[in-house]
Amino acid sequence: MKKEEIIKLLKEKENIRDDQLEIVLKEKEKTGSPLGYLLIKFGLISAERWFNFVSQELKWPSIRLNEINIEKEILKELPEFTCRKYRTIPIFKGDKKLVCAMVDPVDDEVIEELKKITKMEIETRLVREYEIKEIIDTLLSHGGVEVISPYERKEVTTKVLKPIKIKEATESSAVSIVEELVSKAIELRATDIHLEIEEDGLRLRYRINGVLYEFPPPPLELYSSIVSHIKVLSNLDISEKRIPQDGYFKMKLYERDIDLRVSTFPTIFGEVIALRVLDKKNIISGLDQLGFLPEILHRWRILLEEPYGMILVTGPTGSGKTTTLYASLNELDSIHKKIITIEDPVEYHLKNVMQTQINPKAGLTFSVALRSMLRQDPDIIMVGEIRDLETAEIAFRAAQTGHLVLSTLHTNTAPAAIIRLLDMGVEPYLISSSLIGVLNQRLVRTICNSCKEEYTPFSEEIKLLDSSLLDRKDIKFYRGKGCHLCNGTGYGGRTGIFELLILNEELRRIIMKKPNISELKELARRSGMEFLREDGIKKILQGITTISEVLYNTRKED
């Protein structure tokens with residue numbers, strides 16, 4: 001059925017207006033995403049109503065992914081990034097034909113793209129949006145080691161990852177279960193433990209290299225005892241289950257102290273627990289361990305040697321900003337210079353550094369702490385995050401009056417940090433005179449060295465990454481096949497990709513004119529800044545990470 005006919009039916013049957021469709025079609029033209037997925041994403045139709053519309057009005061055949069077995073090799077017919085972009089998954093391969101389950105199986109433009117990528121005829125089946133999301137997250141992100149239904153949780157966890165061993169359910173074993181949960185996190189090098197109660201039981205997940213993986217949970221009948229034990233260790237109120245609580249405790253495992261930050265949160269089925277694992281053995285002490293390419297590392301270290309000025313590290317939550325700041329402070333001269341930090345919370349203790357944790361309930365906010373800190377005669381100040389205009393203005397004035405100030409902002413690019421500060425209300429002259437550099441970063445997973453293999457990626461992947469690479473015959477691409485050492489994921493750790501904007505006179509002059517983001521990006525490019533995607537490409541060509549990791553982590557910068 002043609003797109004025009006589908007749009008006509010959407011207006012008639014689903015009451016979607018012309019102006020709403022115009023917005024969606026513009027987004028489709030810009031991103032290439034399927035029409036149906038964009039309608040769901042923009043909230044113009046629910047996922048279930050879209051499914052029923054395609055099934056009933058367009059008479060398209062549908063399937064349930066948990067009712068079929070997909071061969072491991074079939075998943076490799078489409079790159080992961082393509083599956084995510086077009087909300088599709090290959091499910092069957094015949095003679096010159098590939099059958100794909102799709103959220104929007106009637107989008108001719110997407111189907112044509114899939115034909116180009118696979119060099120096969122494409123036959124489509126309708127599937128619900130959440131099923132596609134779950135199977136992509138469960139199977140493709142795991143390297144496609146075992147192809148099984150994402151709804152059979154026990155099957156997924158025991159086949160894809162090593163199951164955790166939980167003792168028999170007795171009241172006295174709650175203590176040992178908590179120890180085993182933490183012990184397993186250390187073994188897996190997980191950063192977080194999520195223990196959640198749902199309508200059908202418990203759910204246990206570990207965050208490894210930034211991705212959540214599911215494991216068999218402890219017995220349901222022991223859950224209340226486990227929660228109580230964690231609360232006792234963290235000095236939290238055992239009787240209070242209606243409001244969130246935050247705490248902290250230490251545990252001695254593997255001959256070392258493990259710090260754990262605890263957060264409880266009430267849900268309709270009971271309290272859920274999130275534990276942040278702060279293993280001091282995993283502290284990155286030097287900047288050379290973060291994944292900087294030599295030229296960027298050299299320029300970053302020059303910035304850190306400046307006697308005064310403002311340096312910002314930007315990126316979304318979980319992009320490693322705090323780690324970069326800690327590693328930077330570790331390299332500074334803390335003997336001859338006084339270094340003070342204001343954090344929320346303090347995650348690791350740094351030698352010869354005065355660290356303060358804010359406490360809004362007691363009136364100790366970032367701005368209050370920063371004002372008082374300036375009377376302590378510091379040389380270097382680290383502010384965990386610039387959250388409001390007051391904190392920003394105090395920090396920038398401190399940078400003007402002989403202090404080196406380091407802080408973070410939540411922006412997607414380095415030039416966007418300047419726009420964010422202007423939007424907050426910081427005066428252009430303060431930014432222009434105080435800001436000396438902005439480092440923007442992301443974390444990408446690194447290929448497992450034990451199962452690393454050379455492969456030929458799809459031309460579509462290379463085109464999305466950088467079309468100029470298509471004609472190069474001298475480059476090689478690598479991926480992880482999946483082995484017992486990486487739990488079948490194909491990845492063995494994480495590294496950073498970076499873009500570093502160093503302010504020059506031209507940039508300072510344009511900031512005074514309150515520029516837009518396009519002007520700043522263009523000027524940053526002319527000033528010699530390489531963008532995140534370019535840094536990621538270098539790491540792909542060095543065999544450090546994969547195309548899908550870089551595409552996924554830099555998609556907001558396209």
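1. K514 comes first. This residue is exposed in the predicted model. The relative accessible area of K514 is 59%, and values over 50% count as exposed. K514 sits in the loop between α19 (505-511) and α20 (517-526). Look at its backbone too: K514 has a positive phi of about 50 degrees, although it is not a glycine. Most residues other than glycine have a negative phi.

2. Which other residue has a positive phi although it is not a glycine? Look at N352, where phi is about 60 degrees. N352 lies in the loop between β11 and β12. Its relative accessible area is 43%, so N352 is partly exposed.

3. Stay in that loop for the next point. P345 also has its place between β11 (339-343) and β12 (354-357). The peptide bond joining D344 and P345 is cis, with omega at about -5 degrees. Most peptide bonds are trans. Check this bond by eye in the structure above.

4. Now the sheet. In what order do the 6 strands of the open sheet run? The order is β6-β5-β4-β9-β8-β7, and the pairing is antiparallel. The edges are β6 (211-215) and β7 (245-253), each of which pairs on one side only. From one strand to the next, the twist averages 25 degrees.

5. Helix α10 (residues 174-188) packs on this sheet. The strands touched by α10 are β4, β5 (201-208), β6, β7, β8 (256-267) and β9. The direction of α10 makes about 30 degrees with that of β5. Helix α11 (residues 223-233) lies across β4, β5, β7, β8 and β9. Relative to β9, α11 runs at about 50 degrees.

6. Is β4 mostly covered or mostly open? Mostly covered: 6 of its 7 residues are buried. On one pairing, β4 (residues 192-198) meets β9 (residues 270-279) in the antiparallel sense over 4 bridges. On another, β4 pairs with β5, again antiparallel, over 7 bridges. β4 and β5 form a hairpin, with 2 residues between them.

7. In β9, the residue opposite H194 is A274. In β5, the residue opposite H194 is R205. As background, the side chains in a regular strand alternate between the two faces of the sheet.

8. D192 is found in strand β4. Is D192 buried or exposed? D192 counts as buried because its relative accessibility is 8%, and the limit for buried is under 20%. The side chain of D192 makes two polar contacts to note. One joins the side chains of D192 and R276, at 2.7 Å. Another reaches the side chain of T191, at 2.8 Å. Beyond four places in sequence, D192 touches R205, Y206, R207, L275 and R276.

9. Next, a helix pair. Two packed helices are described by the angle between their axes and the distance between the axes. The axes of α1 and α4 (residues 47-57) come within 12 Å. They cross at roughly 115 degrees, and the crossing is right-handed. From α1, the residues I6, L9, L10 and K13 take part. From α4, R49, W50, F53 and E57 meet them. What kinds of residue make up this contact of α1 with α4? The residues divide into 5 nonpolar, no polar and 3 charged.

10. K3 belongs to helix α1 (residues 3-13). With a relative accessible area of 31%, K3 is partly exposed. Now compare sequence and space. K3 and L35 are 32 residues apart in sequence, and their C-alpha atoms are 9.2 Å apart.

11. L541 is found in helix α21 (residues 532-541). Its relative accessible area is 29%, so L541 is partly exposed. Which residues does L541 contact, leaving aside neighbours within four places in sequence? They are R472, I475, K476 and F477. Y478 is 63 residues away from L541 along the chain, yet their C-alpha atoms are separated by 8.3 Å.

Conventions
Residues are numbered from 1 along each chain as its sequence is written. This is a predicted model: local features need pLDDT of at least 70, side-chain atom pairs count only at pLDDT 80 or more; totals for chains, interfaces and linings use all residues. Side-chain values use heavy atoms; hydrogens and water are left out. Two strands pair if DSSP finds at least two bridges between them. Axes are lines fitted to C-alpha atoms, for helices over the stretch in contact, and angles run from 0 to 180 degrees between N-to-C directions. Contact means heavy atoms within 4.5 Å. Buried means under 20% relative accessible area, exposed over 50%, partly exposed in between (1.4 Å probe, protein chains only). A polar contact is a pair of N or O atoms within 3.5 Å; within protein, one must be able to donate a hydrogen and the other to accept it, and residues adjacent in sequence count only if both atoms are side-chain atoms. A crossing is left-handed if the near helix is turned anticlockwise from the far one by less than a right angle, and right-handed if clockwise. Ala, Val, Leu, Ile, Met, Phe, Trp, Tyr, Cys and Pro count as nonpolar, Asp, Glu, Lys and Arg as charged, and the others, Gly among them, as polar.
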